[in-house]
Amino acid sequence: MNTQTRQVSDLNNYLYFPTIHVEVLEGPDQGKAMELQQGLMVIGNPKVSLSRSTRADDPLHVDFELTDPKVSHQHLSVRRDMYSDTDQYLIRDLDSKNGTWIQGIKIREAYLTKGMEVQVGDTLLRFQGAVEKQVVSPTYTSELEGMVGHSAAMKRLFSQIQQAARSDSTVLILGDTGTGKELVARAIFALSTKYKKRLEVVDCSALPNSERLDSELFGHKQGAFTGADEDYVGAFVRGDGGTVFIDEIGELPKDSQTYFLGALERRKVRPLRSENYVDFDARVIAATNRDLLEMVESGDFRQDLYYRLAVFEIYVPPLMERGDDVEHLFEHFCQLELAKRNEDNPGAAAELPEIPPDIIHGLRSYPWPGNVRELKYAVESAFAKSTDEFPSLDDFPRRIKSAIGKSPMLSTTTDIDYAQTYDKAKESAISQFQRDYFSHLLEQYQYNISEVARNADVTRKVIYEVMKEHNIQKPEK
């Protein structure tokens, strides 16, 4: 039984999570130490000169501050690997000037091990880990704040929601479209100490331009832009004392990212065309279906903003990773539709008939790219079309009916060359398998490196190395 299985075990109500301890062994800050109990720590020297591309008044988040002049402003990060089933942590160099070194080897990214010593500039850091347990009740539930799930992936998610609700740290929710990221945000809010306060929701993808989005987030003064006929209070200030949920944070324009980061760091905003700052005290939760790390690497998303948001990172699994949850959710949505039909007789129980085998087969065969949202609307559509008490497969959308008997099969072109020696044939077969396996996943997930890494249970670095070794290129759009 692995560590993650223990975390969501039906046998107990304990949630296990590591506490990372970092200590300076050598260097100007010898003896300084800090513990990381959430998902992220950024280590650096905030006194060093900023890069030319960074404005002097742009705050750059640093958790563990060093005074070593050879350490960059944001030198490295330690973050929980959300794709790992064992709550591993990753050390990542943040494009530092002098590099991050482990046992004399310069690294870009590496998994943290207990007692690992890391050299940054003239500073030697040592990382220690300990496992703590905290009571979480209930970790065995199959329902949480309107969400339904019997799978291990969802029980893990429920535990993470409960853990996040006990903290005021910033939360970043990642997941595909339709997986229920807003439901996760609302669950965190409902279970938090701020549940009696306001929950402000801003959808970055729903606002027409950066000016309107900045106004919605930060507010504006009368005359700030065409149509600004009066002063407007932004979401950060409206949510003072409560929670602000920023949906589709990946759509935030580059200029707005700077103001957003400043608001998080200073805990104050300046409305458009205003000369004065306004204080606020709100917990911030953000969500996106985009690969923010890939956007950071392409320059489309600020690295410091990403690390400021991802203090507590939660991944919402797609429906195809949730096992039999598709059938449980189908029954749940059917119960809701049957209840609607019995609105005139609310006391009558909505009894669910036995689900026909062809519908079960269709549910299992269809990949559900729209996830839970698509399943919910498919059930609503089927009940709306059906003239019987319960819909048949013919009442469901055509794309679902056509999925029967057409579920994708994995294939490989790996052949064995029996003329070679055993070792050479084995090496060649593994190389071909590696190429075929990752080519298939890259195509399946439209070259989303994080999605491929999560499904293959490897680091992003492995994916990049395979692509380089086998000359796998991302198709041009």
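Two residues are in contact when heavy atoms of theirs lie within 4.5 Å. With that idea in hand, let's explore this structure, which is a predicted model.

## The protein as a whole

Among the contacts in the protein with a separation of 6 or more, 64% are between residues 24 or more positions apart. The protein has 477 residues, and 50% of them count as buried. Its secondary structure consists of 15 helices and 22 strands.

## Two open sheets

Strands of a sheet pair through backbone hydrogen bonds, either parallel or antiparallel. Let's start with a parallel example. Five strands, in the order β15-β18-β21-β14-β22, form an open sheet with parallel pairing. At its edges are β15 (199–203) and β22 (312–315), each of which pairs on one side only. From one strand to the next, the twist averages 15°.

You can look inside this sheet at the pair made by β18 (residues 243–247) and β21 (residues 283–288), which run parallel and share four bridges. Here Phe245 stands opposite Ile285 in β21. A helix belongs in this picture too: α2 (residues 152–165) lies across β14 (171–174), β21 and β22, and runs at about 155° to β22.

Another open sheet of five strands has the order β4-β3-β5-β6-β9, and its pairing is mixed. Why is one side of β4 (64–65) and of β9 (109–111) left without a neighbour in the sheet? Both strands stand at the edges with a single partner strand each, so one side of each has no neighbour there. The partner pair β3 (residues 40–44) and β4 runs parallel and is joined by two bridges. Gly44 has Glu65 in β4 as its bridge partner.

## Nonpolar cores

The largest nonpolar core has 35 residues, and those with the most contacts inside it include Leu217, Phe236, Ile246 and Tyr306. What does Tyr306 touch, leaving aside its neighbours within four places in sequence? Its contacts are Arg79, Leu172, Leu292, Leu293, Val296, Phe301 and Glu313. Another core, of 24 residues, lies apart from the largest one, and among its members are Phe330, Phe333, Leu338 and Leu363.

| Residue | Relative accessible area | Class |
|---|---|---|
| Cys204 | 5% | buried |
| Cys334 | 0% | buried |
| Glu327 | 15% | buried |

Is Glu327 buried or exposed? Glu327 counts as buried because its relative accessible area of 15% is under the 20% cut-off. This residue is found in helix α9 (residues 325–341). Not counting residues up to four places away in sequence, Glu327 touches Ile360 and Arg364. Glu327 and Ile360 are 33 residues apart in sequence, while their C-alpha atoms are 7.3 Å apart in space.

The two cysteines in the table raise one more question: how many disulfides does a search of the whole structure find? The search finds zero disulfides.

Key: Residues numbered from 1 in each chain as written. Predicted model: local features only at pLDDT ≥ 70, side-chain atom pairs only at ≥ 80, totals over all residues. Heavy atoms only, no water. Disulfide = S-S within 2.5 Å. Buried < 20%, exposed > 50% of the residue type's maximum accessible area, 1.4 Å probe, protein only. Pairing = 2+ DSSP bridges. Axes fitted to C-alpha atoms, helices over the stretch in contact; angles between N-to-C directions. Core = buried A, V, L, I, M, F, W, Y, C linked by side-chain atoms within 4.5 Å.
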